[in-house]
Structure formats: C-alpha cells, structure tokens
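Good morning, everyone, and thank you for making time for this.

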Amino acid sequence: MPRINDSDDERPDDSSSDLGEPSVPADVTMNGGAPADIEFDDTAGGSVEQAEDEEEDAHSSKRARTSRDGSYAKKEKDSNSGRRKGRVATDENEGDDDEGDEEDGQAEEDGEFEVEEEPERKPKVERAVMLPRDKDGYVPGSIVRVKLENFVTYDKVEFHPGPYLNMILGPNGTGKSSIACALCIGLGWHPNILGRANELNAFAKHGADSGFIEIELKGPPGKRNLVIRRKLNARDRRSTFTLNGEGVTQKDVQTRVAALGVQVGNLCSFLPQDKVSEFAQMSPQQLLKETQRVAGAAELTDWHTSLIKFDGELKELEKENNSSRADIEHLVQQNSLLEKEVKRYEARQKIEQEIALYELFLPYLHYGDAKKDYQRVKDERSRVGSTLKQLEEKNAPLHEKKTEVEKIAAKVAAKKKAINAGVDQTYIKIKRKSSEQEQIDADAEDLQKKLDILKNNEKQRKLKINSYKRDIVQLENEIANPPEFEDMEQLNKQLADGSQVLREASNQYGEAQDRQREVADRNAEYRHKLELADQEMANLKNKSLQRVHTLSRWDKDAADACIWLRANQHRFAAQVFEPAYVSIDVPDPLYRDAVESCFNNNQLKTFVAQNANDYKLLNELINDQGALGRKARINTWYRPKDFDKLMPPPMEEKQLHALGFNGYAIDYVQGPDGLLWYLQKELNLHRTAIGLDPSKIELRVAIEAVSSRESAPTWPPPATTFIAGRTQHRVSRSAYGKQLPQSMAVNIRPSRNFTHEAADPSIKAAIEQKTIAARQGMAETEQEMAGLSEEAKQAKQRHTVAKAHQDQLKARKAEIQNAIRHFETKKVKLGTTKEKLEKEENAPSAETERKKLKSQLLHFAKKRVKSALELKALIEHAKNEHAQGAKLGLEHVQLTANVSALAAMATAHDEESAKIRAEWDALVIEFNDVKALAKRLSEEVKEAFDSADPVIKEQFQALPDEEKEAYTVEEILGHIEGAKAKLELSHATSANVVERYKTREAQIEEKKQRLDQQERRAAKVAKNMQTVKDQWYPALKDLISSIGDKFSAAFDRIGCAGEIKISENEDYKEWAIDILVKFRDKEKLQLLTGQRQSGGERSLTTILYLMSLTELARAPFSLVDEINQGMDHRAERAVHNQLVEVTCKGDSGQYFLITPKLLPALRYHERMRVLCVYNGEWLPEEQGIGSMKSLLDSYVRANPGLVAAH
C-alpha cells in the first residue's frame, strides 16, 4: 500500500551536505517528535479512470482577488454572502466553477476607474511580498497538512509538508502526481487545470462510493488555520465543501483561498505533470500576464489591464472621430454645391414677399379712405341727430320738411353709389390693360427674331449665287478639254488571265489550310480535354483550400504557413507535409470520431519535415525570420525514418478481430506516405485498435491483450490505447509490485475536424491518366502541324503573288472607270448647278418681307404706346371718379343745407328745425353709404389678410400706421409692376434644395458638437493611459530585469545561455515576454517554443524560469511535477542544487518538487523535507509497521558504535 515518509530533521553538518544513494532515504524525526511514517491500507495499485482533454483548459484559471492599495479600487462582492450551515452539494459540471469568476470579472469591468491627474508624481512600486512568516516557519496560505481518503490510488494517508522545499519521491505509478491533483481539487479548482480527467468523480478511488481531500492551510497572523475538506462522490460529479467543520460553497472556499494569495491556476506557480509541455507552448502574452500575477507587485496586473482597456477605448474613439470628420467634410462639400442656389432662392423669395406686401396695401388703402369717411359722417350724424331731437320736441311740423330732404339726399346717394361702382369697373380695366400690354411685348419680340432670321437668310443666298457661278465656269472648262483613257478591252483580257492563275493558287492554298485546320481541330480537342482534366483536378484541390480556410479560423499562423509552403515548396530538399488537418482524410465516416480522438490540437496542426535540414530551415524561415510577413509560430516535427525501431502493433490481425475490434486507426486513414511515418511514430495509430461495437469487446480481455508480454518487445510494455464504441481506454502497467494493468477511460467527442469528405484516389488516378493522354495527343498534333506549315507557306506565297498581280490590274481598271465616271458626272453636275443658280436668282426678294415685319413692329410699338396711354388714362379716370365721389358727398351735404335754408325761409317759424332735419337726412344717407362701403372694403381687407402669408402679415403689421397711410394707390401699383419685372429676371429654385441645405446645416452643427465632446474624451483617455503607463512600465522593467538577471545567471552556471526580454507592441494586449535560450555553442539564442527545443531542453528552461520567479513570488506555495524528466545528468544536478539554494532561503515560500528519481550525491539543506511515497502489495496493513524512521532508529540502537564512529 502507498506510504508517504516525510522528514525535516536538523543535521549536524552545513547546508552543503549531500544525500547518499536514493535507495537510502534520509528520514529523521518530524517537528514535535511525530512519527515519520503514516500507514494506511491500499490494495497494491488499483485502476483509476481518468479523462484527458487538452482542448479544455480555458476555465482553468481562478484568479485571486484581494484588497490592494493602488491607484484605483474595485468593488468586491461579499465573499461570505453564500455561506450557510451544513454541507452544500456543488455541481462539478463544466462551467459551474466559472460562474463566480464571470460575475467577479463583470464587477471588475463595471468598476469605476480613477487615475491620478499628476503624471509627474510616480509612486515607487514596492514588490508585494507574502504575509509574515509565523513562529513555526509557515507563511499564511502555505500547506500545513494534507489528508486523503479513497482518492485515486490512496485508501488513507496523512502527511505534513515543510514550510520550505518539499521533495516528493517515489517510483512511477505510486501516486506522486495524485498529491498535486489533491491540492488543486481540494482548494476548489477545476480538474481541467491538471490536464487529466475532466470529471470530478474520476478521482474517487475505484470501488469506493466516496472519498475526501482535507487540506490545512496556514491562517493569517493571529488567526486559526483553515481546514478545507472536499468530499467526492464516485457516482456523479457533485461534491461538498466544509471549512473548519462548517458547510460552505465552492465560491466561499475560492474566495478565502484567494485572499491568502494562492495561485493554483497559474502555471508559473503550479505546474502539474501533464501541463509541463503547455508552459513552453504558453503564448508570450499569457506568460507576461502570469509572471506579473505570480511575481510582480499587486498593482502590475491591474495597471496592465487598465492600459489594455484604455488602449481599446482610445482606438475606438479615434475611429469614431475620423468617421465624424469625414461625415462633416462630406456634408460641407454637399452644401457648398447648393449655396448659390439657396441665395438665388432667398433673393427671389424676398421679391415675392415684396409684391405680396404691396398687394396687401391696396385693399388697406381703400378701406382706410372709407373708414375716414365713415367716422366723419358718423360724428356729424351724432351731432345733428342730437340737435334735431331737441328741435323736434319743440317743432312737430319740421317732420314734413325732413321727408322732402330725405328724397333729395336719396338721389345724391344713388349717384354716389353709381360712381363707386364705376371706380370698381375702372380697376378691372386697368388690370386687363396691363395683361394686354404684356402680350404686345411678347408679339413684338417674336417679330424681331423673325427679322433677324430673314437678314441672315438673305446673306446666305448671295453667297450661294457667287459659289454656283464659280462652279459653272470651272466645269465648262473641264468638259471642253476631256482627258485620254486606256484601252479597256486589253485590260479586261489581262484580268481574265490573272483570275485563272489566282483560282489555281487559291485552290492549292485552301487545300493546305484545310489539312492544317483538321490537325488544329484535333489539337484543340486534346487541349479541351486537358483543360477539363485540370478543372477536375482543381476541384479536388479546392477541398484542400477549404480546409486551409477553416484552419485559419482556428490557427491563422498555421493556415498562412500552408499557403506559403505551397508557393515555396521548391526551397526544401524533400517535400514538407502540411498538417494532418489539411492532408489527412478518413474516408469512412463511421471511424472519424475514433480516429480524431487519437489527435490533440497541436498534432492536428503540425508540419512534418522528412530531413533535419528541411526541419531547421522551416523553423528559421517562419518561426524566426517572419517569412509570413509577421511574427508567427507553427508546430514542426521531424524524426529519422526507421521502421525497424518502430514499436509493432500489440495484436496480430487474427487476434484483433477475435476480440471484437475492426482494425487499427492507421487502416482508416488516407494521406501522403511520408506523413504516415509521423502518424505511427508520434501518434501510434498503428497500435491503436478500434472497435465500433462495444458489446463485442470484453474490456478485461482487451486490456490484458494490449498490455501482455507479447504486445511489445519491452517489459513492461509502453502505454497503449484502444477504442471501444465511444470510449477511449489508455492501458499501462506499473513497473513495480504485481505490475497489474491500469486503465484510464475518456468519452469520445463527435468529430469536428475530419468531417470533410475525402477525395477518391481512383478518381484522382483517372484524372491524371486523362491528363497524360491529352498531353500526348497535343504533342502528336503539334508535330503534324509543323510538317504542314512549310507546304502551306509555299502555297500561300504563290497565292499572294497571283493576288497582288490581279489586285494591280483591278486597281488600274477601277482608276480608268473612276476617271470616265468622274468626267461624265461633271456634265450632270454642270446642269444641276445652273438650275440651282437660276432658282436662287429668281427667288423672291426678302425686302418685301422685311418691310412687312418692320411695319408690324411699328404697329406693335404704336399699339404699346396707345395701351400705355390708355392705362394712364384709366388710372387718371379712377382717381377722378374717386375724387368725384368724395365731392358728391360734400355736395349732398350742401344740398341738404340749401333745402333747409329754403324751408326756413318759407317757414320762418320752423327755420331752424327744417335746417337741422335736412342736414340729418343727408347725413343718414351718407352714413349708410359710407358704412356699406367700409364694410365691403373691411371684408376685402380681412379676406386679403386671411389668405396672406404669415411672414407678410407680420411685416405689414410691423409698419407704423403713418407709413402705411403715406402711400397712394398709384404708388403701390407702380411698386408692384417694378417688382414683377425683377421677378421675371430671377431664376426659380426648388424649395426642396433649400430644405436639404438647412437640414444639412443642422446635421453639421450637431456632428461638430459631438466631435468636440469625443475629442475631449479621447484626450482625457490618452492622458489617463499615459499616467498609468508611467507607473506600470518602470515597475515592469524592474521586474523583468530582476527575473532576467536570475534567469541568465542560472543558465550561465550550467554552461548555456538564456535571456528574457519584454516584447513591446502598439497594442498593450500584445505586450509579451520572449524567452530566448541556447544550449549549444554554435547556436544562436532562439525563441522557446513547444516544438523547436527537445523535451529535456523545455523542461530545463521551464524549471530555471520558475526558479527565477521563486524569490519574487507572492504565492504562499508553488509546485512543479516531474520537471526534471528528459534532462541529462549534468543539467539535472545543476538544477537541483540551484533549486535547493533558492527555495531554502529564509524568505522563501513553500515549494513542492515531485520527481520519480534522483541522482546520487545531491545537495541537501536542513530546511528541506523529503517525502517518500511507497506502493506495493507487501506493505503492512497495521499502522506504524514498516516505517522508514523506525527502521533507522532500530538500526542506530543496534549499532551504537558504528553510528558513534560516523
């Protein structure tokens, strides 16, 4: 049964004393005299089912959040809000552990960020240190005690780590790494951090119903220790937590642990065995973040996060501002194009408003005159009525006289009414006469245009007559002297002979061309077949391009490298194979899930070289020199091809089928032959059996078969994988005890990468055969065409000579015919020209038409003058009628007075009464007239005001009454005519143009205001970002410089070279740490990657980097598991001695180093504690029996002299 033996005795010699051979552990008594051995029951191994999934580590990091002093503060949730009594079940499904983190992350994101406004004040950043060490040597948060029950291989165990370096030793398979698992899971982290089984119940011991992990952490100064127990249920993924005996939630545990600075989720402080390779593959950006967390000041990570946030916000603001500036400029340019039209519109609108204002004056002026008359008559009537009433009371006879006066006044009123009606008719005539005058002007303008056209036509007629006369003289001279022409009969005979020769040459040339055309058609047919074959082949290749496109969404560097490699394959001595994701096919969809489960992400995107030089060149070009045009990293692989050293399949084909398996994974894969070596050497696909029907496979028999002595030439055999249905089993045998087989099982996921259909090789071969046949046919026809070219050339030459001679004869004949035709044409042209001359000379004179038009123009001018005079007369008449009406009113008053005077004279007794009666009657009539007129004109004014534009109303109402009354009707009419004349000269502009202009003006102003706000905000963000950088960058440089000095010194001590540096970038989230190493003298410093260096070199680099962090670390404990695997003896010894020196200093934190082996004569320090793990079927069942310490004590008692001598 497994047993852990721990010791931390005080040795008499100094810290440089060495350990003896590892077969004799240096066990001594523990603090307080507690026994060094803890015994428990175990059944010699046992099977533990564990799941391993390298793709799911995204939720592995649980950041510690503590209250910190710095430039800003974040609101934290009450960590105890979820605490309750009793045990609380916690679901361990994926994502459950992350809900709290997401809430905390949101709280951080939403928190208000405040930055000091004085960047010149740079507070000195002190490195955050661990909490003070207690008297017992432990710092708060370090592990004081661990107790396990039914956990993986352990039945029961309890041990006490020391406060400094703890070396956990034991052979493979004894349960060393299970201690790392226990620390991770027991402190509340998710199992995927370990890189092993993803299901929590896989860690419960096989055969047990439940188990638990109990971890005692050192408490803060003056407070009790934290005892955390996590109970696991073997049947499901649920678990429960207790803290110091009280039931709590997983979130409570994580909060309390984080308050102590524990960083299990950080690979820089907690590096499990299955995550060692991931450290080298950690991105430089992630390495910087984790380094700041584990070794930097508490503010460093917060500053870095703030810079990333500020940088993103500033870039987004700049993007918005540039867009706003472009929008403003575009709107301004658009409005500048409309500005002239808007001004024309405003000027025209002003004229229209002026006309409307003047037109509103006309009814107002008429109403003003009537209103004055009305008020005057009303006042006079009131006065006379009052007097008449008094007189009538005294003199009744005056009534008779009143009647008479009323009759006379009625006649005067009727006459005055008729005059007013005449005034209205006169206004109508004035308007009609204005329209008539406008028509006269338009008719006169048309006549003037006709006169101009007539003048131009007459000029052209004279020019034509002179031209015709000159042409007639020239033609008569040419006809009188005809040219001499060649004999056409002789020329026609020569043409007939030439045609016969040309036909014979044409026939010969045509036959040669027909033969060439026939061969060319066959060549084109072959070319078409070649193009079709090329297209078919391109369609097959397009599937590969589609895979590369899909790969770019997953790993852009790998996808770009594929494209680059296809264009640069000639630079390599042998073919470099693209990743399996692109190059490998699984034709049968039934096996795709199983085959894909054999790959991890890195193996799917690894480039495979076939020799060492190509492997080195590929790394230099892409990973070092940036052949992709940027800094990139790809996975590369090369191993010398030697199939003789390849481990054979674990079962023969007959046995394979007998056990229910269908075949090995390699049987269902199609790909290049060179890539199959990689699949066998690296992935062991030729050793991975697949059975689709799990009911046909008996697991116990299958496990024995793949791990039997016959399955491999070595014993114990290497770990082997087989797949039954949808479960993958990994089988291995312990090298100790009964060497029983152990199996870990994990469920297979549906295929996500091999879902594409494979190209049928037979189709590809058929296409290639078509290509060869087409190329061969093209070559044969091209050779045949070359033989026919000379024959066609000679025939073409004979045809060309004959055709040239014939063309020469035809040209001579055409020249003679053209000359004869031209001479005959001159005779016809002479007659035609004479007819044209006669027609032009006999054409009627234009003078008559000109006089007629001028006469009409004169008539219209007189008519216009007459119309103007009539218009003036009408205006004068309207004025006179208006004055006459007023005069009649006065006459009516006078008449009434006269009648009254006569009546007074007739009747002296009623003289005064009659006089007043007559006056009253006249005033009544006049009052009624002026009232009716005023009412009608008032309605006209009201109607004009109601229909007027509101702006015109406002302008009219704003004018003083004195100014309104100063105008006359004639003046207003004159103003209206002048404004209308201006309006006709103004170009009309659409109102929509003005509306668009004003709308854009408003948009421009709004955008300018928003841009100003955004620019001020961007300036503030930039200032805040610079302030934070002034604090963060110096502190980061100091931290990296300190780590770098220790890292370089550590490499110097082992004869190698190492360096770390900050990789700066414009984007703060791309800032990174680059680790450069050199292990051989002839090499240059090279970037550490997960592929370039060997496993031992990566392990050495990892441990030296972690050691460089140790002295600066803030975490209370750190752990590395089997980091020395793959190192040579020299490096392992140097690393061990340095590790002891660094981790055993007085200010060092707790450190766990898990390893299956040690070299002899290694350095030992009194502060270190060695924990030995034993496992085997012969361990005693009773507690205390078999204790190494007891054996040593017994040996000392039995040999006192020997001990004294030493």
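I will go through a sheet, then some charged pairs, and finally the aromatic rings. Please keep in mind throughout that this is a predicted model.

Let me start with the sheet, which is open, has 3 strands in the order 19-20-21, and is paired in antiparallel fashion. Its edges are formed by strand 19, covering 1057–1063, and strand 21, covering 1086–1087, each of which pairs on one side only. Between strand 20, residues 1072–1078, and strand 21 there are 2 bridges, and these two strands run antiparallel; Val1077, for instance, has Gln1086 of strand 21 as its bridge partner. Lying across strand 19 and strand 20 is helix 23, residues 991–1053, which runs at about 165° to strand 19.

Turning to the charged side chains, how many salt bridges does the structure hold? The count is 38, and I would like to take three of them in some detail.

In one of them, Lys605 pairs with Asp555, with 2.9 Å between the closest N and O atoms. This pair links distant parts of the chain, since Lys605 sits in the loop between helix 12 (601–604) and strand 12 (606–608), while Asp555 sits in the loop between helix 8 (488–554) and helix 9 (556–568), 50 residues apart. Both Lys605 and Asp555 are buried.

Another salt bridge brings together the side chains of Arg630 and Asp560, again with an N to O distance of 2.9 Å. Here Arg630 belongs to the loop between helix 13 (612–624) and strand 13 (635–637), whereas Asp560 belongs to helix 9, and the two are 70 residues apart. Are these two partners buried or partly exposed? Arg630 has a relative accessibility of 30% and therefore counts as partly exposed, while Asp560, at 18%, counts as buried.

Arg726 is partly exposed, because its relative accessibility is 41%.

Phe643 lies in the loop between strand 13 and helix 14 (653–658), and Trp677 lies in helix 15 (residues 673–681), so the pair ties together parts that are 34 residues apart in sequence. Phe643 is partly exposed at 44% relative accessible area, whereas Trp677, at 4%, counts as buried.

A stacked pair is formed by Tyr1068 and Trp1071, with 5.6 Å from centre to centre and 20° between the planes. Both of these residues, Tyr1068 and Trp1071, are buried, and together with Trp1032 and Tyr1033 they form one aromatic cluster.

Finally, there are charges placed over rings: Arg709 lies over the face of Trp715, at 4.0 Å from the ring centre, and the charged end of Arg1167 sits over the ring of Tyr164, 5.2 Å from its centre.

Conventions: Residues are numbered from 1 along each chain as its sequence is written. This is a predicted model: local features need pLDDT of at least 70, side-chain atom pairs count only at pLDDT 80 or more; totals for chains, interfaces and linings use all residues. Side-chain values use heavy atoms; hydrogens and water are left out. Two strands pair if DSSP finds at least two bridges between them. Helices (H or I, at least four residues) and strands (E, at least two) are DSSP runs, numbered from the N terminus. Contact means heavy atoms within 4.5 Å. Axes are lines fitted to C-alpha atoms, for helices over the stretch in contact, and angles run from 0 to 180 degrees between N-to-C directions. A salt bridge is a side-chain nitrogen of Lys or Arg within 4 Å of a carboxyl oxygen of Asp or Glu. Buried means under 20% relative accessible area, exposed over 50%, partly exposed in between (1.4 Å probe, protein chains only). Rings of Phe, Tyr and Trp (its six-membered ring) pair if their centres lie within 6.5 Å; planes under 30 degrees apart count as stacked, over 60 as edge-to-face and the rest as tilted. A charge sits over a ring if NZ of Lys or CZ of Arg is within 6 Å of the ring centre and within 35 degrees of the ring normal.
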